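Colleague: I would like to go through this structure with you. May I put some questions as we look at it?

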Amino acid sequence: MKSIRAKIIVFAAVTVAMQCVTSTVAKAQGILGGHVTGNVQFDGQLSKRDTIIGSSDVPEKLLTNARADILYTNGNFSAGLRYEAYLGPMLGFNSQYTGQGIANYFVSYKTQTFAVTAGHFYEQFGSGMTMRAYEDRYLGLDNALRGINVTYRPWKGVTLKGLVGQQRYFWDTKGLVRGMDAEVSFNDIITAWNESKTRFTLGGSFVSKYEEDETILADISGFKLNLPKNVAASSVRMDLNRGGFGLQAEYAFKSQDPSIVNDYIYKNGNALWLSASYSQKGLSANIQAKRVDNMGFKSVRSISGEMLYINYTPSITKQHTYAFLSMYPYATQSTGEMGLQADFMYKFKKESLLGGKYGTDIHINASLITGLDTTVLGGKGTEGYSSSFFGTGETYYGDISLEIAKKLSSKVKLTATYGYVVFNPVVEGHAGDIHHNHVAIADLTWKINRKNVLRFEAEWMGSDSHYDPIVDDKRAGDWIMGLVEYNFTSAWFVSLSDQYAYKDGVGNYYNLSVGYTKGATRLQVGYGKQREGIICIGGVCRNVPASNGLTFSLTTSF
Amino acid sequence: MKKSILFLAAMLVFGFAMSQNAKLPENISIKTLDGKTVETSIIKNDGHPIIISFWATWCKPCNRELNAIKEVYEEWQEETGVKLVAISIDDSRSASKVKPHVDGNGWEYEVYLDQNQDFKRAMNVVNVPHTFLIDGEGNIVWQHTSYVDGSEEELFELVKKLANGEKIN
Amino acid sequence: MLAIVSAAAIGCDKIDENNYIVYSGASGEWFDGTPVEDHSQRAFLEKYTGVRCNNCPTADQVIAAASSQYGDKLVVVSIHDSNTLQRPIGDSPDMRCPDGDTWSKALGVFGAGEYPMALVNRKPSGNGWERFNPVGGVSTQIDEALAAAPSVALSLSADRVDASIDINVYIEYLSTLSGKQTVTLLLIEDGIIATQKMPNHSDSAGYQHNHILRDVITDLWGADIDANGQAGTCRKARFSYTAANQEWNLDRCHIIALVSDKESKKVYNSAQCSISAEK
């Protein structure tokens with residue numbers, strides 16, 4: 001009980017602090033001629049047991065995640081630190097986060113041509129296929145590097161980067177990562193091209209990790225793996241644009257890297273990503289293709305889990321935001337996949353046949369992701385497998401969606417969506433039948449007047465999956481959902497929603513949320529049941545266990 | 001626990017410290033839609049106000065906000081000289097969709113990519129949408145997170161005040 | 001840009017397809033074993049010493065006396081870590097051993113910086129291990145170690161052909177042990193002549209050094225014993241090792257085997273055998 005009281009005191013203190021801070025909205029604090037800015041986030045959760053949805057009692061009663069970033073800037077100089085406290089990490093966060101302390105600190109000096117950061121930093125080379133140190137606070141993921149990061153621009157249009165560091169692993173740092181990157185914008189370095197409509201940029205990167213030898217036994221008794229101590233990845237990339245046309249490509253290669261991700265095989269890794277697009281006012285089309293083959297790149301070969309990844313191979317599938325369309329999200333299979341994604345968007349003009357008085361937007365997306373066509377050569381301590389470049393394996397995921405947005409009157413706007421999702425449970429690591437889901441969504445916003453806005457959302461999902469207590473996937477079956485949201489001015493909102501598995505499934509997930517926003521401060525309190533599921537942001541997914549109870553969240557920037 | 005209370009207390013003290021407007025940072029690297037790296041010092045508007053909006057292609061409220069402003073953007077510009085700069089925080093999963101998305105929606109804003117989220121961190125943005133108002137001298141004078149249909153009108157009231165040389169508090 | 005990409009070619013270790021797996025000298029090949037005849041408990045004494053440490057010869061005398069008193073119940077290794085007192089004097093042989101240096105640092109000897117220093121059976125004490133100066137005598141610690149009822153019986157044999165050595169280790173659990181146990185194999189050499197600083201501060205050019213650690217054959221903290229720790233379990237392990245260094249006189253070398261707790265590093269029992277071709 002004592003700890004609960006303490007947490008409530010902290011929560012109160014944060015609230016008071018925020019009010020003080022927001023009373024000086026958007027005013028940074030002048031110290032020694034510089035500025036102090038920052039942001040604070042405080043999330044709490046009270047969960048209780050519910051055997052149907054599978055939530056369990058939390059021994060600590062109240063779980064809290066809190067963090068505060070403080071940033072000091074003075075001209076070219078800046079310094080920052082982040083305090084994190086996971087006093088009982090929230091459900092779904094790795095329990096290794098338990099604890100509190102300064103999780104991130106840095107000093108940095110930046111001019112237009114030169115920048116150096118010492119301490120924790122985030123960095124990305126190209127699309128991140130060789131290196132991406134990043135953070136996603138909602139996924140509980142932080143791959144920050146602690147070390148030194150330097151950027152130098154010797155000439156206009158040329159950017160060179162170099163870094164060396166160790167990766168964050170919860171409250172520890174591990175591994176040793178070194179990298180460099182170069183990028184050249186040809187329109188800047190070639191005078192004749194300065195004004196050219198064609199814009200061309202070329203880049204290349206090289207990243208290497210070092211790890212000491214360790215004993216990993218081979219499958220053959222009496223033998224162990226001969227492990228590479230240095231593993232390197234490199235890539236080349238280009239970005240070509242002319243008017244509405246755009247073409248981007250990146251190819252990455254990784255040397256032998258037996259690790260827990262690929263089950264200790266010695267095959268080289270590679271990945272190719274292509275994106276082509278055309279757009280003009282009111283019309284756009286984009287096609288992306290990707291092939292990833294054994295590209296899981298971790299700074300510590302023997303630690304599983306989502307931490308310690310050096311690179312990032314995002315999924316190219318559309319990031320759906322409606323509940324049922326994102327019920328079965330796709331996560332990149334860094335061991336191997338092939339994918340194709342197409343997006344098309346068109347605006348029917350006002351007063352046209354299909355546009356009506358206010359115009360109509362349509363948005364179509366389709367994607368298909370399959371495994372690679374592989375021939376197994378052996379297990380641990382062998383080449384692993386061979387793959388044909390253009391061959392495809394089993395279907396992992398496919399979706400097609402059509403979204404039509406139309407203003408019905410000056411006050412009412414309707415967005416109607418139909419989606420079809422094909423999902424292979426193997427991408428979540430277990431066998432099972434492929435699910436085929438149809439989803440229909442109506443989303444209606446009614447702007448009653450300047451101060452009062454109502455939003456309604458209705459969703460339906462018909463699935464050929466059935467609830468199976470052995471697999472215990474609570475997303476199975478047919479679902480309906482309703483949501484009503486009322487906004488009073490831009491400050492207050494109340495929303496009430498319910499998701500119900502009406503056929504072949506289990507669960508009834510209701511939720512009531514109230515939120516208050518003022519300036520950069522937002523407070524939200526919710527009560528209800530959260531479905532066990534997978535939250536994906538970017539290319540990374542996290543399992544969130546079921547919860548039943550009260551949640552609250554406070555964020556602010558100052 | 002004691003430590004964190006102390007820490008929060010320290011922040012409170014910061015809160016009461018002498019206030020002064022933060023400047024828009026000038027040396028953060030962002031990218032143009034055609035792939036060129038530039039510095040945030042490129043964000044300028046000849047002494048007129050600037051709206052900076054952090055958004056992402058997958059963020060529905062962001063799109064509603066930018067679409068709503070699109071309808072009135074021309075009027076706003078004529079009346080106050082304001083300029084909207086949209087900063088996409090899309091990562092490599094969707095960054096290549098930003099340009100088609102912007103064109104497809106017919107947005108006339110200046111748009112930059114903040115894939116590594118350096119600018120987002122420097123501006124202490126936690127969630128999108130997050131909107132800042134910058135005065136003619138480059139001071140950050142107002143910020144707001146989240147979007148509700150209609151709240152762009154409140155934003156415009158503030159822009160008008162700024163354009164008339166009034167103080168915002 | 002090209003330079004960066006081509007750096008990839010030199011920035012990684014390329015392993016030839018025929019060498020993806022290597023014979024695991026370090027982890028052994030495990031078989032069912034038979035009961036071990038010799039159930040005696042032995043004391044493993046590791047002494048950290050240095051050629052520029054003028055008190056070390058006194059410790060050598062104390063340990064030599066103990067060796068004749070306890071006979072094969074006492075197993076001794078003499079370790080030269082990378083501290084300053086261990087630098088060879090003049091051009092006499094270098095007895096420093098990187099494996100011993102890692103042990104010295106991990107067991108807190110290097111950090112304390114006092115030589116000579118000794119441990120018996122790596123007895124845990126507080127957050128570290130019990131260390132003592134052997135100049136003042138070693139029998140208290142040895143007696144204590146020998147008084148314990150043996151929990152593991154251990155014997156070993158070695159066959160050498162030139163520099164390649166096949167080592168067989170026989171282990172019998174006499175009582176049930178929790179946690180993981182490891183077996184560590186050491187190569188030690190006797191009769192090395194190297195200049196030593198003496199108690200009277202003179203240099204003794206003809207000083208004979210015994211029990212010098214040359215190499216740790218297994219992983220530094222041992223190879224996991226492929227057993228569940230139940231009393232009565234008998235295991236046999238085969239290790240194969242090539243003593244690569246030309247400067248070692250294998251006819252004067254011994255192999256020491258230790259059975260330890262994987263977590264605490266405490267040594268349960270030890271044994272040694274000669275690999276002399278002249279036996």
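Colleague: What share of the contacts in chain A with a separation of 6 or more comes from residues 24 or more positions apart?

Modeller: Such residues account for 56% of those contacts in chain A. Please bear in mind that this is a predicted model.

Colleague: How many helices and strands does chain A have?

Modeller: Chain A has 2 helices and 32 strands. Its radius of gyration is 25 Å, close to the 24 Å that the globule rule gives for 558 residues, so chain A is as compact as a globular protein of that length. The C-alpha trace of chain A spans about 65 × 60 × 60 Å along its principal axes.

Colleague: And what percentage of chain A is buried?

Modeller: Buried residues make up 47% of the 558 residues.

Colleague: Let us take one residue. Where is Ala85(A), in terms of strands?

Modeller: Ala85(A) is in strand β4 of chain A, which covers residues 77-87.

Colleague: Is Ala85(A) buried or exposed, and why?

Modeller: Ala85(A) is buried, because 23 other C-beta atoms lie within 10 Å, and the cut-off for a buried residue is 20 or more. The C-alpha atom of Ala85(A) is also 15 Å from that of Thr555(A), although 470 residues separate the two along the chain.

Colleague: Turning to the chains together, which pair has the most contacts?

Modeller: Of the 2 pairs of chains that touch, chains A and B have the most contacts. Chain B and chain C are not joined by any contact, and their closest C-alpha atoms lie 17 Å apart.

Colleague: What is the mean pLDDT of chain B?

Modeller: The mean is 86, and 87% of the residues of chain B reach 70 or more.

Colleague: Which elements of chain B have the lowest and highest mean pLDDT?

Modeller: Helix α1 of chain B, residues 2-16, has the lowest, at 48, and strand β5 of chain B, residues 83-88, has the highest, at 97. Over residues 11-19 of chain B the pLDDT stays under 50, and the model has 17 contacts beyond four places in sequence for that stretch.

Colleague: What is the strand order of the 7-strand sheet in chain B?

Modeller: The order is β3-β2-β6-β5-β4-β7-β8, in an open sheet with mixed pairing. Strands β3 (37-39) and β8 (140-145) of chain B stand at the edges with a single partner strand each, so one side of each is left without a neighbour in the sheet. From one strand to the next, the twist averages 30 degrees.

Colleague: How many bridges join β2 and β6 of chain B?

Modeller: There are 2 bridges between strand β2 (residues 29-32) and strand β6 (residues 110-113) of chain B, and the two strands run antiparallel. Lys31(B) has Leu113(B) in β6(B) as its bridge partner.

Colleague: Which strands does helix α2 of chain B lie across?

Modeller: Helix α2 of chain B, residues 60-80, lies across β4 (50-55) and β5 of chain B, at about 150 degrees to β4(B).

Colleague: Finally, chain C. What is the order of its 4-strand open sheet?

Modeller: The order is β2-β17-β9-β8, with antiparallel pairing. Strands β2 (29-32) and β8 (152-161) of chain C are at the edges, each with a single partner strand, so one side of each is left without a neighbour in the sheet. Neighbouring strands of this sheet are turned by 20 degrees against each other on average, direction ignored.

Colleague: How many bridges join β8(C) to β9 of chain C?

Modeller: β8(C) and strand β9 of chain C, residues 164-173, are joined by 10 bridges and run antiparallel. Asn168(C) in β9(C) stands opposite Ser157(C).

Conventions. Residues numbered from 1 in each chain as written. Chains lettered and ligands numbered in written order. Predicted model: local features only at pLDDT ≥ 70, side-chain atom pairs only at ≥ 80, totals over all residues. pLDDT = per-residue confidence, 0-100. Contact = placed C-beta atoms within 7 Å. Rg over C-alpha atoms; globule rule 2.2 N^0.38 Å. Buried ≥ 20, exposed ≤ 12 C-beta atoms within 10 Å, placed from the backbone. Pairing = 2+ DSSP bridges. Axes fitted to C-alpha atoms, helices over the stretch in contact; angles between N-to-C directions.
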